[in-house]
Amino acid sequence: QVQLVESGGGLVQAGGSLRLSCAASGRIFVISDMGWYRQAPGKQRELVAQISRGGSTNYADSVKGRFTISRDKGKNTVYLQMNSLKPEDTDVYYCNVLLGNDNYWGQGTQVTVSS
């Protein structure tokens, strides 16, 4: 009933930039938190960045100063601007949306940073 469509992943050289987008559609009333997580094979999914409905943000220490999360409430879309990318940022990135007590996940988008 709620769909999340991600875009913007790809291959980039170290030091480069990418911008991820995630658009939510379907039976949406009020979205509270929106965020991005990432997961490498065999590892736990970890929070990258999160933004509340009021605009408060939270970042993983490893991306502070390099990544910026933002949202467009009118479009139910969350963005992740990733600058100064490093090879260790290579992962599958997942969009996450909290509606009431329900968590929704995107399908994941691959980000690969070459050295």
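The model is predicted, so local features need pLDDT of at least 70 and side-chain atom pairs count only at pLDDT 80 or more, while totals for chains, interfaces and linings use all residues. Residues are numbered from 1 along each chain as its sequence is written, and side-chain values use heavy atoms, with hydrogens and water left out.

**Salt bridges around Arg38**
- The structure has five salt bridges, each a side-chain nitrogen of Lys or Arg within 4 Å of a carboxyl oxygen of Asp or Glu.
- Arg38 pairs with Glu46, their closest N and O atoms being 2.9 Å apart.
- Arg38 is buried at 6% relative accessibility, whereas Glu46 is partly exposed at 37% (buried means under 20% relative accessible area, exposed over 50%, partly exposed in between, with a 1.4 Å probe and protein chains only).
- Asp91 also forms a salt bridge with Arg38, at 3.7 Å between the closest N and O atoms.
- Asp91 lies in strand β9 and Arg38 in strand β4, so this pair ties together parts 53 residues apart in sequence.
- A network of salt bridges links Arg38, Glu46, Arg66, Asp89 and Asp91.

**A further salt bridge**
- Lys64 forms a salt bridge with Asp61, with 3.1 Å between the closest N and O atoms.
- Asp61 is exposed, with a relative accessible area of 65%.

Conventions. Helix = DSSP H or I, 4+ residues; strand = E, 2+ residues; numbered from the N terminus.
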